[in-house]
Amino acid sequence: MSIKVTSVSKYYKTQKALDDVSFSAVKGEIIGFLGPNGAGKSTLMKILTGFIRPTNGAVFVSNIDVLSNPIEAKKNIGYLPEHNPLYKEMYVREYLQFQAAIFKVDKSEIENCLIKVGLQTEAHKKIHQLSKGYQQRVGLAAAIIHNPEVLILDEPTTGLDPNQLIEIRALIRELGKEKTVLFSTHIMQEVEAICSRVIIIKKGEILIDKNLGELKEKNHQNIEVTFDYRIEEQFIRRLPNVVSYKNNYDTTWFITFDSKQDMRPIIFDFAQENGLKILGLNRHNKNLETLFTELTK
Ligand code: ADP
Ligand code: MG
C-alpha cells in the first residue's frame, strides 16, 4: 500500500481541521483531493508528509509509519507544499543540487530530473526570473529528485494561467504513470482532467471517495422545460422516472430524472398529449461540477 491513513483527526487547539479521516491508495493511482478552502486538505497533506502530527490516528507511506519513522518515510515522499516555497535567489540547477544533497542523491540524477519536468533550457536561470508555471516545475523537480513512490502536491496549479495549467496538468499525469499521486485542488474540472479517483472533503470529513468512472455513471439527468401555460405539479409527477422537480418560475420546471435514456422526446410527447406547447427544453447533465457544488455548499 502506497498510502494508508487510518482514523486521522486533527485539532489546532479547539479548532477541528480533520475528523476521523481514513483512506488508502495503491501504486499508480492519481487521486484528486477536492474541497473548498478550509476543508482540511493542507492539514492532511502536512500530516501525510510528517510535517505536523495528527491529534489521533495512524499514517503509513510505502508501509512505513510516518509518525514513528518520519525520516525513513520522507525518503518515499515527494512533497510540493502550498505556495511552493523556493529559494528564489538560487539558480535552478543549484537549487536542485541543494535538494539532491539533502536526500543524498547522486548529482547525475539532476539532469534527468530537469529533462523530466522540461527545465533543461531554464536550468542556468535564477528561480525568480522564471514564470510562475516554470517555478512550479522547479517545485515538482525538487519533489521528485529522490525518485519517491508517493507524490503529495498541495494545489500545484493555483495561480497559473490557462496555458501553464495545461502544461502542469500534463506533467502531473505523466509523473503519475510511475508514482502514486495525491494532489489537492478546489477545482472539479481539474480532477476530471487528471485523476482516476476523487476524494471530496468538507469541514474535515470525507464526503465521497470514488473512482471517477463510478461517479460519471450516475444516470441522473436534469431537464429544464418551459411550457406555454402554467401547469399543476401532478402533471409533472405523471412523467416516468422523475426523481425530483421544482417550479423554477411561472411556467418553467426543473426536473431530475433517473434514466439512461434521453428524456427530452418523452417530455415532448407528454406536452403534446396534454395540449401544451414547449417554449424551451434544455438538458443539463448532472456533471461532477454540479455534484461537487451540491455536496460542498
Ligand atoms: P485547506 O487546505 O483545505 O484550505 P487547511 O488544512 O489549511 O484547509 O485548514 C483546515 C482548517 O484548519 C481551517 O479551518 C483552518 O483555518 C484551520 N487551520 C489550519 N492551520 C491552522 C493552524 N496552524 N492553526 C489553527 N488553525 C489552523
Ligand atoms: Mg490548503
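These exercises concern a magnesium ion and a ligand in a predicted model.

Local features need pLDDT of at least 70 and side-chain atom pairs pLDDT 80 or more, while totals for chains, interfaces and linings use all residues. Residues are numbered from 1 along each chain as its sequence is written, chains are lettered from A and ligands numbered from 1 in the order in which they are written, and side-chain values use heavy atoms, without hydrogens and water.

**Exercise 1.** Find the protein donors of the magnesium ion (ligand 2) and state where they lie in the chain.

Solution. Step 1: donors are N, O and S atoms within 2.8 Å of the metal (3.2 Å for Na, K and Ca); water is not among the atoms, so sites may look incomplete. Step 3: Ser42 belongs to helix H1 (residues 41-48) and Glu82 to the loop between E6 and H3, so the pair, 40 residues apart, links distant parts of the chain. Helices (H or I, at least four residues) and strands (E, at least two) are DSSP runs, numbered from the N terminus.

**Exercise 2.** Is Ser42 buried or exposed?

Solution. Step 1: buried means under 20% relative accessible area, exposed over 50%, partly exposed in between (1.4 Å probe, protein chains only). Step 2: Ser42 is buried because its relative accessible area is 15%. Step 3: Glu82, at 30%, counts as partly exposed.

**Exercise 3.** Which atoms of Lys41 and Ser42 lie by an oxygen atom of ligand 1?

Solution. Step 1: for Lys41, a polar backbone atom is 2.9 Å from an oxygen atom of ligand 1. Step 2: for Ser42, a polar side-chain atom lies 2.8 Å from an oxygen atom of ligand 1.

Conventions: A polar contact is a pair of N or O atoms within 3.5 Å; within protein, one must be able to donate a hydrogen and the other to accept it, and residues adjacent in sequence count only if both atoms are side-chain atoms.
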